[in-house]
Amino acid sequence: MQSLKEITIVFLKLGLTSFGGPAAHVALMERELVTRRAWLSRQTFLDMHAASQIIPGPNSTELALHIGLLRGGYPGFFAAGLAFILPAALIVGSCAYAYQLYGTLPAFASLLYGIKPVIIAVILDALWKLGKSALKTELLFYISFIAALINWAGLNEILVLLISGLAHYSLTRARAPLADAGAALVGTSAIAQIGGGLGLLGTAPQLSGLFLIFLKAGSLLFGGGYVLLAFLRADLVENLGWLTEAQLLDAVAIGQFTPGPLFTTATFIGYLLKGPAGALVATIGIFLPAFVFVALSAPYIPRLRKSPAMSAILDGLNAASLSLMAVVTVNLGVETLQDFPAILITLVSLFLLLRFQVSSTWLVLGGALLGFFMQNSALI
């Protein structure tokens with residue numbers, strides 16, 4: 001067990017340096033908490049990652065909550081979650097303030113030019129290490145490969161995960177009945193329906209209506225930032241007219257350009273609509289379901305691993321989870337590695353990670369400085 005202070009400091013650091021979306025967040029947590037600090041085994045980390053993938057909400061935040069609960073009980077659970085979310089929420093809130101003053105996004109491009117190639121290296125390092133634990137049989141390797149192909153072809157992430165888990169169970173012919181696994185999946189489906197009937201209050205922005213919109217999003221949403229964009233567009237742009245298309249796109253962009261959970265897009269939108277109070281209400285609304293879902297599901301993870309049926313399904317989920325990370329990494333790489341300096345930063349970062357176990361925090365900060373100087377050298 002870790003002290004509350006130690007858990008808070010570690011997740012504050014992760015919250016300040018975790019650029020690049022959920023796949024990068026998972027990779028940074030693996031490096032910091034499994035490789036460097038040995039707070040949990042790689043297998044336990046994989047099981048928690050898989051569990052966070054099959055419930056709605058921000059996956060990397062839910063993984064942080066699982067780890068905080070494991071290492072510090074419920075005080076650690078709240079400390080990890082709040083410490084991971086708070087830096088991003090404050091940064092995004094500050095960006096919203098600047099956006100209202102100037103009407104444009106803050107200039108992050110030069111910093112991100114150096115940070116994104118480092119993040120790709122961190123994800124590749126994590127995929128290599130997690131893959132050695134997750135793909136422990138030839139069958140799991142093939143399931144992972146097929147999962148990547150069908151996700152690349154456009155199949156929804158949650159379907160890829162469930163198909164992979166059930167396929168591994170079926171192909172290994174686990175002797176135990178599917179009762180335990182079925183109960184877990186039915187429970188998850190029931191939990192995911194919470195919030196589906198929430199109504200919207202009024203046609204003008206109100207704190208209560210704002211809270212309910214983001215509570216519904218946090219209760220039902222699978223798939224991350226781009227799915228969040230479609231979800232919020234339906235409610236806030238089309239149905240209510242509270243935001244313009246441009247404002248919504250800027251809000252999602254800020255959530256992606258800043259460290260920490262992408263769901264802090266809610267903080268930006270809340271600030272635009274109702275100032276600091278709106279930012280607070282929207283942030284609580286979208287992240288509250290994650291705390292509830294993890295608190296309800298966490299006690300079952302060790303039991304599921306002891307069940308032969310669910311253990312087989314978890315192995316398939318773990319293999320598919322790595323495939324989803326790999327697909328995200330390829331997409332990010334195509335977007336990011338478009339010139340020689342970016343490719344070089346990735347290769348050097350990967351070498352430093354594999355050979356010298358350099359802290360990813362220092363690599364991210366170094367990448368940011370490199371990006372700033374390289375993009376602004378003509379002005380210096």
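**Notebook: a helical chain, looked up feature by feature**

I began with burial and noted that 54% of the 380 residues of the chain count as buried, where buried means under 20% relative accessible area, exposed means over 50% and partly exposed is in between, with a 1.4 Å probe and protein chains only. I keep in mind that this is a predicted model, in which local features need pLDDT of at least 70 and side-chain atom pairs count only at pLDDT 80 or more, while totals for chains, interfaces and linings use all residues. Residues are numbered from 1 along each chain as its sequence is written, and side-chain values use heavy atoms, with hydrogens and water left out.

**The chain as a whole**

I looked up the secondary structure and found 16 helices and 0 strands, taken as DSSP runs numbered from the N terminus, with helices being H or I of at least four residues and strands being E of at least two. The chain exposes about 16300 Å², of which carbon and sulfur atoms supply 69%; the areas come from the Shrake-Rupley method with a 1.4 Å probe, and for residues only the protein chains shown count as cover. Of the contacts between residues at least 6 apart in sequence, 74% join residues at least 24 apart, a contact being heavy atoms within 4.5 Å.

**Helix α14 and S321**

I next turned to S321, which is found in helix α14, residues 308-336. S321 counts as buried because its relative accessibility is 1%. Setting aside neighbours within four places in sequence, I noted that S321 is in contact with H49, A50, Q53 and L161.

**Aromatic rings**

I then looked up Y142, which lies in helix α6, residues 138-152, and which is partly exposed because its relative accessible area is 46%. Y142 and A319 are 177 residues apart in sequence, yet their C-alpha atoms are 9.1 Å apart in space.

For ring pairs I used the rule that rings of Phe, Tyr and Trp (its six-membered ring) pair if their centres lie within 6.5 Å, with planes under 30 degrees apart counting as stacked, over 60 as edge-to-face and the rest as tilted. By this rule the count comes to 8 aromatic pairs. One of them joins F141 and Y142 edge-to-face, at 5.9 Å centre to centre and with 70° between the planes. Another edge-to-face pair is that of F372 and F373, at 5.6 Å centre to centre and with 80° between the planes. F372 counts as partly exposed, at 37% relative accessibility, and F373 is partly exposed with a relative accessible area of 46%. I also noted a cluster in which ring pairs link Y74, F77, F78 and F291.

**Charges over rings**

Here I required NZ of Lys or CZ of Arg within 6 Å of the ring centre and within 35 degrees of the ring normal. The charged end of R303 sits over the ring of Y300, 5.1 Å from its centre, and R355 lies over the face of F356, at 5.2 Å from the ring centre.

**Positive phi in the loops**

Most residues other than glycine have a negative phi. Against that background I noted A38, whose phi is positive, near 55°, and whose place is in the loop between α2 (22-36) and α3 (42-53). A38 is exposed, with a relative accessible area of 59%. Q357 is not a glycine either, and has a positive phi of about 55°; Q357 lies in the loop between α15 (340-356) and α16 (360-376), and counts as partly exposed at 37% relative accessibility.
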